[in-house]
Amino acid sequence: MKMAALCSEFEDLVPIKKQLISVISLCKERGLLHSTKWASELAFALDSLPKDQLPPPVPFTEEDAQDLDALTLAKSYFDLKEYDRAAYFLKGCCSQKAYFLYMYSRYLSGEKKKDDETVDSLGPLEKGQVRNEALRELRVELSKKHTAGELDGFTLYLYGVVLRKQDLLKEAVDVFVEAIHALPLHWGAWLELSNLVTNIEMLKSLSLPDCWVKDFFMAHMYTELQMIKEALQKYQSLIEAGFSKSTYIISQIAVAYHNIRDIDQALALFNELRDQDPYRIDNMDTFSNLLYVKSMKPELSYLAHNLVEIDKYRVETCCVIGNYYSLRSQHEKAALYFQRALKLNPRCLGAWTLMGHEYMEMKNTSAAIQAYRHAIEVNKRDYRAWYGLGQTYEILKMPFYCLYYYRKAHQLRPNDSRMLVALGETYEKLSQQVEAKKCYWRAYSVGDVEKMALLKLAKLHEQLNESDDAAQCYMLYIQDIFSCGEQLEHAEVSTALRYLGQYYFKNKLYHEASLCAQRCCDYNDAREEGKALLRQISQVRDQIETPSADLFAPLSNNNTPVRRVSPLNLISFTP
């Protein structure tokens, strides 16, 4: 039903193309570069219009004509980042366009001064230590105009940004929604709103206009809220609706796959993106994260050199070089490049998080904590920063702090087994074994990427003398490892085999005990115990073996709902 509604909305792409061409012109005149780029990339993905179908230019008012010379001069200064100069020549202008550029110049002037001050003392600053001094005055002036109903869509957007910067988040949300209703095609307003939406309930409660841009916004929000399945469905429907050539959509799908750790799929899409847009730098830091995870050193080196040739002073370029040095275990150099990225853009989320990781590698926990806290200030939805803080406090042996940060990370990534395993370990340290068991079992249930949850659960049962449960978990663990063909690479397999061998022997299941003991002999650290167990078994071989059917009944402990499994067939797996 939803798909049909979306397709009908995009049935005729000509009006959408016309709207994009119009909004490109409007954003360009006001210096809104990112919104201009977004709309331009989408327009490029659609078929060209014949001359007679191009939209007419925006009507020129009497006020526009009166302010034309001042606006032209100020815009030339604005483009050269001379914001104070631009604002000076726009003071007293009457037109909506000139008023927006006047206020926007003052805002950007304050931001530039704040960033310069931040860079001068870059090492981590406490929140609020450096402020944009222009914000208070701007809020007072815009508030008066807002009350009088004199703000257009662009100026409402700016008012929302000012409110957000002053941490007036509820008011900012209302103003952004108002700005979107006034001008639905301005992507910048949608993007600012997305940064303030904290959960799906809040998203559903927003009163948004029924416009085709809303579909792009919803797809973006699903990605941000880790609802990747819904995001991918939305982007797929947009591709089918006519945006198949959009590099923006390809990049967003790649980021979505990156977020669910489908690394091969994400890499394929990033390579496709590079083929279509070889000079693109946007999202290349995410691409480098994937190459880093796969330890693809030559490819990461090539990407870093390529981006340096295109623009070595871009934030993404510095992050890619930082990842390259990190992969080579040159952590000081890596941290240096992440610092460079932050000098270029102190609000770069990825750079703060990655710098935290490097400080962790260098055992500089206080600097790591500061970096992760900065990342959270930039975006409270960044699970990596919360998880990083948890790891840092784990090193500092402060489990109560760990618990808080791991819980935050888990809330953001409820189906990520790494968060659940970390939570389980923390609960164990706090002697909350029941909670720890639940976390380990949940980690196994959602798909344990590191194959450690069952092992940790088994060891916990072992410590609590819950031998039946421990055996069942060890058995599931071995079946999991063997099914992946990793039995010789996984060091803990011998631990499981050793335990199972002793468990079967105590329960007089000599055939199974013998199989486990034989397999123990394949591992150096368990060989002697395996041989000893085989000798013990041979001494009692003449006794009648107990049937093994009862062993595979469900576990007695209600906290860990283990499924019924078939007996462990070790013979079928050859080392």
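## Basis of the model

The model is predicted: local features need pLDDT of at least 70, side-chain atom pairs count only at pLDDT 80 or more, and totals for chains, interfaces and linings use all residues. Residues are numbered from 1 along each chain as its sequence is written, and side-chain values use heavy atoms, with hydrogens and water left out.

Ile537 sits in helix H30, residues 527-539. Helices (H or I, at least four residues) are DSSP runs, numbered from the N terminus.

Buried means under 20% relative accessible area, exposed over 50%, and partly exposed in between (1.4 Å probe, protein chains only).

Which residues does Ile537 touch, leaving aside neighbours within four places in sequence? They are Phe505, Tyr510, Ala513 and Ser514. Contact means heavy atoms within 4.5 Å. Phe505 is 32 residues from Ile537 along the chain. The C-alpha atoms of these two are separated by 7.5 Å.

## Salt bridges

A salt bridge is a side-chain nitrogen of Lys or Arg within 4 Å of a carboxyl oxygen of Asp or Glu. By this rule the count is 27.

One of them joins Asp79 and Lys75. Their closest N and O atoms are 2.7 Å apart. Both residues belong to helix H4, residues 62-79. They are 4 residues apart, so about one helical turn separates them. Asp79 is partly exposed, at 47% relative accessibility. Lys75 is buried, at 17%.

## Bridges between separate parts

Glu425 pairs with Lys456 in a salt bridge. The closest N and O atoms are 2.7 Å apart. Glu425 lies in helix H24 (residues 417-429) and Lys456 in helix H26 (residues 453-463), so the pair ties together parts 31 residues apart in sequence. Glu425 is partly exposed, with a relative accessibility of 21%.

Glu466 forms a salt bridge with Lys437, with closest N and O atoms 3.1 Å apart. This pair links distant parts of the chain, 29 residues apart. Glu466 is in the loop between H26 and helix H27 (467-483). Lys437 is in helix H25, residues 433-445. Lys437 is buried, at 3% relative accessibility.

Methods
Helix = DSSP H or I, 4+ residues; strand = E, 2+ residues; numbered from the N terminus.
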